[in-house]
Amino acid sequence: MTRQIIVADDHPLFREALKAAVGRLDPSMRFVEAESVATLLEVLESEPDHVGALLLRSEARARDHKDLELALADADRAIELEPDRLDAQKPRILALLALDKIQEAETAIADLGEQLEEGESGGEL
């Protein structure tokens, strides 16, 4: 599976330097550049299942307490696409807490703890 990363910054030189550094570590990495939130939305318009973009949008919505149900939906879709992607849990838990879905957030935190323990004992992250 080809891994992809979104490089988001309003400075093109910084984006190029970051791509060069990461590209040296993993030459097969695919990059998508976003210079603004509008660009991020364009990425999602053309690639609605782009996990990195879904997570960025989910976290932005959850942190701003805007469109919390959509933040949760984005995180859930990212988890559906890449179930082993533990960083998808963060915006999901933030959205659940902001929506006052405490029981679900507690369950998500417990599940994340179990996934982390499995990873430490040899399971895949």
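This talk covers confidence, salt bridges and pockets in one protein model.

The model is predicted, and local features are taken only where pLDDT is at least 70, side-chain atom pairs only at pLDDT 80 or more, while totals for chains, interfaces and linings use all residues. Residues are numbered from 1 along each chain as its sequence is written, and side-chain values use heavy atoms, with hydrogens and water left out.

I start with confidence. The protein chain has an average pLDDT (the predictor's confidence in each residue, from 0 to 100) of 84. Of the residues, 94% score at least 70. Over residues 121-125 the pLDDT stays under 50. For that stretch the model has five contacts (heavy atoms within 4.5 Å) beyond four places in sequence.

Next, the salt bridges. Side chains of opposite charge can pair when their charged atoms come close. A salt bridge here is a side-chain nitrogen of Lys or Arg within 4 Å of a carboxyl oxygen of Asp or Glu. How many salt bridges does the structure hold? There are eleven.

One of them joins aspartate 74 and arginine 57, with the closest N and O atoms 2.7 Å apart. This pair links distant parts of the chain, since aspartate 74 sits in helix 4 and arginine 57 in helix 3 (residues 51-64), 17 residues apart. Are these two residues buried or exposed? Both aspartate 74 and arginine 57 are buried. Buried means under 20% relative accessible area, exposed means over 50%, and partly exposed is in between, using a 1.4 Å probe and protein chains only.

Arginine 63 counts as exposed because its relative accessibility is 51%.

Glutamate 80 and arginine 77 also meet in a salt bridge, at 2.7 Å from N to O. They are three residues apart in helix 4, so about one helical turn separates them. Glutamate 80 has 56% relative accessibility and therefore counts as exposed. Arginine 77, at 26%, counts as partly exposed. A network of salt bridges links Arg77 and Glu80 with Asp49.

Last, the pockets. On a 1 Å grid over the protein atoms alone, a pocket is an open set of points where a 1.4 Å probe fits, with protein on both sides within 12 Å along at least five of seven lines; lining residues have an atom within 4 Å of a point. The largest pocket has a volume of about 440 Å³, where volume is the space filled by probe spheres set on the points, joined across faces, edges and corners. Its lining has 20 residues, and Gln4, Val51, Gly52, Glu82 and Arg85 lie nearest the centre. Helix 3 gives the largest share of that lining, five residues.

The second largest pocket holds about 320 Å³ of space. Among the 15 residues lining this pocket, Val37, Leu40, Leu56, Arg57 and Ala60 are the closest to its centre. Which helix gives the most to this lining? Helix 3 does, with five residues.

Terms used:
Helix = DSSP H or I, 4+ residues; strand = E, 2+ residues; numbered from the N terminus.
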